[in-house]
Amino acid sequence: MARLTAHTRRIVMAAATAAVLTGGVAAAVVLGHDTSSDGPGPALAQSSKATGKSEDKPAGSRGASGQPGGDDSAPDGTDGSAGSTGPAVPPGAGIAESIDHATESGGKSVSITIDDGPSPVWTPKILAVLKQYGVKATFCMIGPQAQASPDLVKQVVADGHRLCDHTVSHDEQMNKKPVAYQSAQVLDAQKMIEDAAGGAKVQYFRAPGGAFTPENRHIAATHGMRPLGWNVDTKDWKQPGTAQIVQTVKQELKNGPIVLFHDGGGARAQTVAALKELLPWLAQQGYVFSFPKV
């Protein structure tokens, strides 16, 4: 059994564990139980908006495996598309298997992505801040946590945000496991999230820890989900302080437009506070907010 990373241990320690059987696959369930009285703060001016690691390594960085971030399972440093295997692509699927590091609108735009939830405590606070600024984000959800909070998933969708599959059990070593295991991690989570959302589609797939493989990217794409990377790793899951999270975003925006935050896996008061500072700052710098490219 693969050793859990420190980040995954934090997620597990911050959760109550339950057993779930979905589609014939048994999985460990992590359910958040954070408590906090911190609110999202007073209403703030609305920013401009466009239509339309964390665990993952940002594009251009290098992870523990030594491979480029976001493509860490491809030995030649590419995203591995040429070697993809798996079921035939359904007619008209049209979803790229390459890992996305771009926004739909292009230009001077940024995409806010939120991982590891939903959290009954922190997701509502983040939703409130996003609503205050008129910003739409992409929420990368862990399947059983979505299953445990369907009303919250529906609220994410009702607020105009998009959904992303972050697997069943947040296994950062899934790229070293059999394809059947990877498939269950991706597809079981997709079903959990879409069922919780009342049928809204999951449009992206983000592998925990950047554990993308040609196979799991192919599986995701053939089921309508674009593999989603990131360019700016706020490292907010380490709780380095609000000022450090803000500074990291400002320094790393030159790497690209996909910014990674977290609403699950622990206390996220620093993330909420950082978003309050960063969203108006980004608007003041002339950025518009866009979803990642599908």
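Which residue stands opposite Arg162 in β5? In this predicted model, local features need pLDDT of at least 70 and side-chain atom pairs count only at pLDDT 80 or more, while totals for chains, interfaces and linings use all residues. Residues are numbered from 1 along each chain as its sequence is written, and side-chain values use heavy atoms, with hydrogens and water left out.

The residue in question is Thr138. Helices (H or I, at least four residues) and strands (E, at least two) are DSSP runs, numbered from the N terminus, and two strands pair if DSSP finds at least two bridges between them. On that basis, strand β4 (residues 137-141) pairs with β5 in the parallel sense through four bridges. β5 also runs parallel to β6, to which three bridges join it, and here Asp165 stands opposite Phe205 of β6. In a regular strand the side chains alternate between the two faces of the sheet. Along β5 (residues 162-165), Arg162 and Cys164 point one way and Leu163 and Asp165 the other, and all are buried; buried means under 20% relative accessible area, exposed over 50%, and partly exposed in between (1.4 Å probe, protein chains only).

The loop between β5 and α5 holds Thr167, which has a positive phi near 75° without being a glycine. With 0% relative accessibility, Thr167 counts as buried. Gln190, in helix α5, is likewise counted as buried, at 9%. Its C-alpha atom is separated by 8.5 Å from that of His166, 24 residues apart along the chain. Beyond its neighbours within four places in sequence, Gln190 is in contact (heavy atoms within 4.5 Å) with Asp165, Val202, His223 and Met225.

Now to the interior. A nonpolar core is a set of buried Ala, Val, Leu, Ile, Met, Phe, Trp, Tyr and Cys residues joined through side-chain atoms within 4.5 Å. The largest one has 48 residues, and those touching the most other members are Ile112, Phe139, Met141, Leu163, Leu253, Phe261 and Leu279. Not counting residues up to four places away in sequence, the residues that Phe139 touches include Ile126, Leu130, Arg162 and Leu163. A separate core of eight residues includes Tyr204, Leu228, Trp230 and Phe291.

Two packed helices are described by the angle between their axes and the distance between the axes. Axes are lines fitted to C-alpha atoms, for helices over the stretch in contact, and angles run from 0 to 180 degrees between N-to-C directions. Helix α2 (residues 122-133) and helix α8 (residues 269-284) have axes that come within 10 Å and cross at roughly 10°. That makes α2 roughly parallel to α8 (angles under 35 degrees count as roughly parallel, over 145 as roughly antiparallel, 65 to 115 as roughly perpendicular and the rest as oblique). Among the residues making this contact are Trp122, Ile126 and Tyr133 of α2 and Val272, Leu275 and Leu279 of α8.

Helix α6 (residues 214-222) has nine of its nine residues buried, so it is largely enclosed by the rest of the structure. The cover over these buried residues includes α5, β6 and β7 (226-227). After α6 comes Gly224, with a positive phi near 85°.

Some loop positions complete the picture. The peptide bond from Gly117 to Pro118 is cis, with omega near 5°, and Pro118 sits in the loop between β3 (109-117) and α2. Gln239, in the loop between β8 (232-233) and α7 (242-252), has a positive phi of about 55° although it is not a glycine.
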